[in-house]
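Thanks for coming, everyone. I'd like to walk you through one model today, going element by element. Let me put it up on the screen.

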Amino acid sequence: MGSIHEEVERIQTLFESELSSAGTLDALQGVRVRFLGKKGEVTSLLKRLGSLPAEERPEAGRVLNELRDLIEEALSRRTEECAGVQVAAREAGEWLDVTLPGRGRPWGAFHPVAQITQEAIDIFVSMGFSVAYGPEVEDDFHNFEGLNIPPHHPARDMQDTFYLENGLLLRTHTSPVEVRSMRRWGAPLRIIIPGKVFRRDSDQTHSPMFHQLEGLLVDENISLAHLKGCLEAFANRIFGRQLAARYRASYFPFTEPSLEMDVECVACSGKNPSCRICKGSGWLEISGMGMTHPNVLMAGGIDPARYNGFAWGMGLDRIAMLKYGLNDLRVFFEGDLAFLNSKGERR
Ligand code: DAH
């Protein structure tokens with residue numbers, strides 16, 4: 001082993017080369033152990049002090065202490081630098097811009113038919129009607145017989161019925177709920193019946209499942225004028241402006257007389273012979289209606305000698321198509337979000 005001075009020089013050179021290649025806090029800690037640890041280079045040299053001749057000790061001690069201080073200082077400086085670099089690197093990776101706007105959630109929208117249904121309910125409820133519901137799987141009595149449509153009546157052919165087992169069927173209209181409601185609540189009665197109905201029919205303007213809104217008012221001394229007043233008020237409110245109305249004679253087994261109501265075309269008011277919505281006729285068919293047939297009142301347990309009433313049934317999908325200017329009913333059932341969002345009102 002060389003003299004203390006030679007050793008100090010060797011250690012210093014060795015330390016400098018090790019320090020320059022130690023790039024992480026872990027590596028620096030390794031260097032510290034290697035030089036200042038219990039069995040480190042500097043420590044073992046300090047242990048040799050005792051074996052030196054007494055006159056050399058003070059000078060050797062001073063040189064060794066200097067070396068230790070130098071190493072200590074260099075290590076702590078590098079450790080600090082290195083820690084700074086590591087923190088900066090972590091901060092760069094974890095950088096967060098707290099001023100960024102949050103990620104929005106898309107708003108849902110009501111389906112156009114659901115919207116029209118709700119609007120129609122609001123309008124009739126404001127006139128004093130209550131909302132009634134009934135089963136979609138019906139029996140022959142409520143769907144036909146009680147509505148004055150006996151077996152073999154030609155009116156049964158007008159409605160392509162889905163028959164189920166045990167004589168049950170999918171209701172072809174909301175009218176069966178008229179009979180159910182009269183039997184349940186009696187007269188006087190003022191109800192609307194929104195709901196799904198089913199027919200074996202499918203094309204651009206017919207869907208095997210569609211939506212109707214039925215109405216029934218039973219009281220004393222009811223006239224056609226009451227019916228017209230009610231439905232014209234409804235049409236004006238749902239389409240948002242005063243519309244001319246007209247009535248055509250029609251036939252339904254459950255009303256006598258029976259009518260069909262048209263309103264002036266909401267798109268062209270009859271001014272455009274090539275109007276897409278009214279096909280140039282100037283009129284839109286809105287609803288079937290009439291004065292409730294005495295047989296229907298009786299099927300509902302109501303005395304036709306004392307009470308009479310009116311009823312109507314309209315297609316809600318059709319009203320939605322007219323209101324939104326559509327000519328293909330199928331878009332309502334395809335679940336296309338772009339379409340639904342463009343027509344759906346957010347509430
Ligand atoms: N039930 C008829 C249908 O589905 C619609 C209807 C017409 C209902 C006249 C009525 C009415 O209550 O009076 O075609």
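Before I start on helix pairs, one definition: when I talk about an axis, I mean a line fitted to C-alpha atoms, for helices over the stretch in contact, and the angles run from 0 to 180 degrees between N-to-C directions. And please keep in mind that this is a predicted model.

So, the pair that needs that definition. Helix H9 and helix H11, the latter being residues 316–324, have axes that come within 11 Å and cross at roughly 45 degrees. Angles under 35 degrees count as roughly parallel and 65 to 115 as roughly perpendicular, and H9 and H11 are therefore oblique to each other. Who makes the contact? On the H9 side you have Phe234, Ile238 and Phe239, and on the H11 side Ile319, Leu322 and Lys323. Sorted by class, that contact has 5 nonpolar residues, no polar ones and 1 charged.

Now go back towards the start of the chain for another pair. Helix H1 covers residues 4–21 and helix H2 covers 25–36; they pack at an angle of about 170 degrees, with axes 10 Å apart. Parallel or antiparallel, then? The cut-off for roughly antiparallel is over 145 degrees, so H1 is roughly antiparallel to H2. The crossing of H1 past H2 is right-handed. From H1, the residues involved are Ile11, Leu14, Phe15, Glu18 and Leu19, and they meet Leu28, Val31, Arg34 and Phe35 from H2. The class count for this one is 7 nonpolar, no polar and 2 charged residues.

Staying in H2 for a second, have a look at Leu25, which lies in that helix. Its relative accessible area is 29%, so Leu25 is partly exposed. If you set aside neighbours within four places in sequence, what does Leu25 touch? The answer is Thr79, Cys82, Ala83 and Gln86. As for Glu6, that residue is 19 places away from Leu25 along the chain, and the two C-alpha atoms are separated by 30 Å.

Next, helix H5, residues 112–126. H5 has 15 residues and spans 21 Å from first C-alpha to last, close to the 21 Å you'd expect at 1.5 Å a residue. Among its buried residues are Val113, Ile116, Ala120, Ile121, Ile123 and Phe124, and the list also includes Gln115, Thr117 and Glu119. After H5 comes Gly128, which has a positive phi, near 105 degrees.

One loop residue I'd like you to click on is Thr161, between helix H7 (155–158) and strand S3 (168–170). Buried or exposed? Thr161 is buried, at 7% relative accessible area. Leaving out neighbours within four places in sequence, the contacts of Thr161 are Phe144, Leu169, Leu170, Thr172 and Arg200.

As a reminder, most residues other than glycine have a negative phi, and most peptide bonds are trans.

Asn221 isn't a glycine, yet its phi is positive, about 55 degrees. You'll find Asn221 in the loop between strand S5 (209–219) and helix H9 (224–239), and at 68% relative accessible area it's exposed. Then there's Ser269, again not a glycine, with a positive phi near 50 degrees. Ser269 sits in the loop between S7 and strand S8 (283–292), and it's partly exposed, with 26% relative accessibility.

For cis peptide bonds, start with the one joining Ala187 and Pro188, where omega is about -5 degrees. Pro188 is in the loop between helix H8 (176–185) and strand S4 (189–198). There's also a cis bond from Glu256 to Pro257, with omega near 0 degrees. Pro257 is in strand S7, residues 255–264.

That's my tour; happy to take questions.

Note on methods. Residues are numbered from 1 along each chain as its sequence is written. This is a predicted model: local features need pLDDT of at least 70, side-chain atom pairs count only at pLDDT 80 or more; totals for chains, interfaces and linings use all residues. Side-chain values use heavy atoms; hydrogens and water are left out. Helices (H or I, at least four residues) and strands (E, at least two) are DSSP runs, numbered from the N terminus. The expected span of a helix is 1.5 Å times one less than its number of residues. Buried means under 20% relative accessible area, exposed over 50%, partly exposed in between (1.4 Å probe, protein chains only). A crossing is left-handed if the near helix is turned anticlockwise from the far one by less than a right angle, and right-handed if clockwise. Contact means heavy atoms within 4.5 Å. Ala, Val, Leu, Ile, Met, Phe, Trp, Tyr, Cys and Pro count as nonpolar, Asp, Glu, Lys and Arg as charged, and the others, Gly among them, as polar.
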